[in-house]
Amino acid sequence: MEQRSAFTLQMRLDNVAVIVIDVPGEKVNTLKVEFAGQIREVLQQARANPQLAGVVLISGKPDTFIAGADIGMIAACRTAEQAQALAQQGQQVMAEIAALPVPVVAAIHGACLGGGLELALACHHRVCTLEDTTRLGLPEVQLGLLPGSGGTQRLPRLIGASTALDLMLSGRTLRGAAARKCGLVDDAVPHAILLETAVALALQGAHTGKARPQPQPQPQTGEAPPQSQSQLRRQSKPRPRPLRERLLATPPGRAVLFTLVQRRARAKSHGHYPAVDSIIAVVRCGLEQGSATGYAAEARAFGELAMTPQSAALRGLFFASTALKKESGAGAEPRPLRSIGVLGGGLMGGGIACVTAIRAGLPVRIKDLQPAGVARALKTSWEVLGKQVQRRRLSPVQRQQQMALLSGGTDWQGFSQRDVVIEAVFENLALKQQMVAEVEAHCAETTIFASNTSSLPIADIARQAQRPENVIGLHYFSPPEKMPLVEVIPHAGSAETTLATVVALAKKQGKTPIVVADRAGFYVNRILAPYMLEALHCLLEGEPIDAVDAALVQFGFPVGPFQLLDEVGIDIASHMMPVLQQAWGDRFALPAAMAALQKDDRKGRKNGRGFYLYGQRWPRGRRPDPAIYRLLAVTPKSCLSAQDLAERCVMMLLNEAVRTLDEAVIRSARDGDIGAVFGIGFPPFLGGPFRYIDQLGAATVVSRLEQLADRYGPRFAPCERLKKMMEARESFLSPPVTLADDAGAAG
């Protein structure tokens with residue numbers, strides 16, 4: 001049976017052809033390689049009308065225009081030449097859309113990303129909706145790629161090179177109003193009049209001959225030619241650009257622009273993301289050597305990037321997180337979620353309440369011992385919403401409406417019918433057990449108690465519960481309103497319904513949940529602790545604080561271990577380590593010298609005294625505190641290279657990650673990679689600890705661990721699972737991704 005086309009034609013009485021994009025059997029529209037013929041066929045049907053006045057492209061999906069191209073097409077490519085041919089095919093389809101002799105308008109509602117925006121850019125005009133679900137962007141850099149269907153050439157010519165590079169290098173998206181302001185779309189309107197506005201724009205262009213010229217790739221044998229000169233003459237010039245963009249379009253301005261962009265990109269990516277350099281080079285090529293050369297460079301660069309291990313790793317993360325979104329994590333259906341309670345008004349409680357009300361849209365009741373705690377928690381949401389008001393994403397009235405979802409007090413009023421109560425109180429077992437008892441006394445029998453503990457066993461928290469099946473762990477990362485990961489920790493007595501409900505809640509909050517076993521430290525803190533402890537060992541050997549941090553940032557982490565310790569809180573980390581040491585042995589032992597930091601009341605950023613000093617006097621608000629060296633009785637002196645420093649810390653993390661998989665703390669290597677990247681910022685271009693081990697090879701990892709063990713002690717001894725994998729030549733992921741050389745090794 002022939003599959004229904006994703007493109008259907010509806011001819012209006014005013015001779016405007018409306019092409020509806022609706023990929024059969026899919027929730028969202030994505031571009032697939034087999035659609036090229038379907039697009040050509042529907043365009044041919046439209047052109048068969050001799051009175052054709054214009055074409056409007058619109059989605060048949062409720063909240064998606066086109067979410068991008070099917071990444072599976074890239075995964076199917078085995079050579080750079082195959083991926084390059086894929087890009088060339090996309091370029092040619094877009095060229096044929098742009099070459100239509102009548103105005104073509106993209107009517108955009110919902111996600112218009114990647115290949116979807118490239119298709120819209122090939123149209124002569126674009127109009128989008130003002131709804132929050134409408135986002136426009138070219139996020140290919142997040143997959144280690146560049147826009148391969150003409151986006152690197154059309155976008156700079158439409159909105160200016162500076163703005164276009166910012167969008168492509170950051171991967172960020174624009175809402176309707178911002179897209180209109182920068183000239184990406186001609187108009188942004190309410191959804192109710194989207195089609196009407198697009199049709200009017202097409203008819204206006206037909207009557208006045210106004211349609212923007214589109215630079216085209218050079219035709220290849222058998223391909224449709226670009227627009228004729230007669231077609232180009234009937235098109236008008238684009239809208240005037242801001243003065244800044246016009247100045248940057250001059251040869252001197254362009255030279256300054258690309259110098260600055262290259263410098264900033266290198267400082268941010270540290271050379272780990274080849275797509276960044278490729279985007280800059282291809283855009284510059286098109287602007288300085290002409291669009292034909294630019295299109296050829298774009299396709300060639302797309303093919304090369306598709307074969308890089310960085311792109312393979314980033315695409316692997318995308319597939320993994322997409323698969324996680326579709327999983328319930330349990331063998332039961334979740335209960336309905338109508339309202340949530342939060343215990344504790346600190347930084348964690350305020351952040352959890354914020355994401356629950358603002359992102360999940362659920363009413364939240366906050367309880368704290370003091371009114372000031374409730375006020376502090378409410379302030380978190382007010383500040384988050386305030387930033388959206390400043391950016392004109394929300395009106396003051398809408399902010400008030402969202403704040404109305406939040407309430408609080410010092411008693412249990414309003415908690416009787418809460419579906420889930422999340423505790424975010426101090427990390428004390430007796431206190432958390434008391435919270436369980438009070439929730440059971442004041443809430444419904446079906447109310448789920450979710451503990452935001454970072455290290456305490458959930459089974460211990462549930463030990464005195466009357467309804468232990470309703471108790472579960474829900475570990476957020478600081479700050480909850482920013483960090484994407486959450487660990488869901490069922491204990492042996494947690495009901496499957498409880499697990500499914502909490503996973504569903506995390507997804508509503510915009511989180512990526514991974515289900516982990518109820519073992520000390522769970523997963524993320526378990527692998528993070530040896531990494532941080534090794535940084536402390538380096539410091540005690542005399543390595544400077546900023547040198548260690550710089551080494552790990554150069555390796556690919558967003559911040560170094562000492563800055564992270566300051567952010568998490570030295571006091572919290574010190575409280576957690578004995579729990580881990582008791583469970584997993586002396587490799588988690590906190591160096592005795594660290595007691596001096598605790599006695600000196602060093603908690604980190606929250607009290608302005610940690611490994612760094614904080615204040616406006618110092619660059620970027622912080623500098624290493626020289627007093628640390630005196631407290632630890634060390635003389636700072638760099639002896640190890642950045643590569644050696646990074647290798648010591650990272651190898652400890654890798655070894656521990658394998659142990660957690662072997663002990664079934666995590667359900668799969670996929671979950672382990674997601675947890676490390678989203679939870680602690682493990683370099684995304686490496687794909688996570690398990691993909692990185694596959695890249696290096698188990699034999700290489702074992703060899704390096706053994707060398708480190710010989711030099712620094714048994715804490716580096718490779719675990720049994722790694723040694724068995726080395727002997728059997730196994731990998732964690734199938735198929736493994738291999739590095740072309742050793743350039744991706746630690747450091």
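Just after helix 12, Gly-290 takes a positive phi of about 105°.

Helix 12 itself covers residues 274–289. Several of its residues are buried, namely Ala-275, Val-276, Ser-278, Ile-279, Ile-280, Val-282, Val-283, Cys-285 and Gly-286. The cover over these buried residues includes helix 5 (151–159), helix 6 (161–170), helix 11 (251–269) and helix 13 (291–306).

Two of those covering helices also pack against each other. Helix 5 and helix 13 meet at an angle of about 135°, and their axes are 8 Å apart. That angle makes helix 5 oblique to helix 13. On the helix 5 side the contact is made by Gly-151, Thr-152, Gln-153, Arg-154 and Arg-157, and on the helix 13 side by Ser-291, Gly-294, Tyr-295 and Glu-298.

Helix 13 also holds Leu-305. Its relative accessibility is 3%, so Leu-305 counts as buried. Not counting residues up to four places away in sequence, Leu-305 touches Gly-144, Leu-145, Leu-146, Pro-274, Ala-275, Ser-278 and Ser-311. Of these, Ala-275 and Ser-278 are among the buried residues of helix 12. Gly-144 lies 161 residues from Leu-305 along the chain, yet the C-alpha atoms of the two are separated by 6.8 Å.

Turn next to the strands. An open sheet of 6 strands has the order 1-2-3-5-7-9, and its pairing is mixed. At its edges are strand 1 (7–11) and strand 9 (187–189), each of which pairs on one side only. From one strand to the next, the twist averages 20°. Within the sheet, strand 2 (residues 16–21) and strand 3 (residues 54–59) run parallel and are joined by 6 bridges. Ile-21 stands opposite Ser-59 of strand 3.

Helix 1 (residues 35–47) lies across strand 1 and strand 2, and runs at about 10° to strand 1. Helix 1 also packs with helix 3 (residues 80–98), at an angle of about 10° and with the axes 11 Å apart. Helix 1 is therefore roughly parallel to helix 3. Where the two helices meet, Ala-36, Ile-39, Arg-40 and Leu-43 come from helix 1, while Gln-89, Gln-92, Val-93, Glu-96 and Ile-97 come from helix 3.

The relative accessibility of Gln-433 is 15%, and since under 20% means buried, Gln-433 counts as buried. Leaving aside its neighbours within four places in sequence, Gln-433 is in contact with Asp-460, Ile-461, Arg-463 and Gln-464.

The confidence of the prediction remains to be described. The protein chain has a mean pLDDT of 90, with 91% of its residues reaching 70 or more. Over residues 219–237, however, pLDDT stays under 50, and the model has 41 contacts beyond four places in sequence for this stretch. Residues 736–747 likewise stay under 50, with 30 contacts beyond four places in sequence. Where pLDDT is low, the predicted coordinates should not be read in detail.

Technical notes: Residues are numbered from 1 along each chain as its sequence is written. This is a predicted model: local features need pLDDT of at least 70, side-chain atom pairs count only at pLDDT 80 or more; totals for chains, interfaces and linings use all residues. Side-chain values use heavy atoms; hydrogens and water are left out. Two strands pair if DSSP finds at least two bridges between them. Helices (H or I, at least four residues) and strands (E, at least two) are DSSP runs, numbered from the N terminus. Axes are lines fitted to C-alpha atoms, for helices over the stretch in contact, and angles run from 0 to 180 degrees between N-to-C directions. Contact means heavy atoms within 4.5 Å. pLDDT is the predictor's confidence in each residue, from 0 to 100. The expected span of a helix is 1.5 Å times one less than its number of residues. Buried means under 20% relative accessible area, exposed over 50%, partly exposed in between (1.4 Å probe, protein chains only). Angles under 35 degrees count as roughly parallel, over 145 as roughly antiparallel, 65 to 115 as roughly perpendicular and the rest as oblique.
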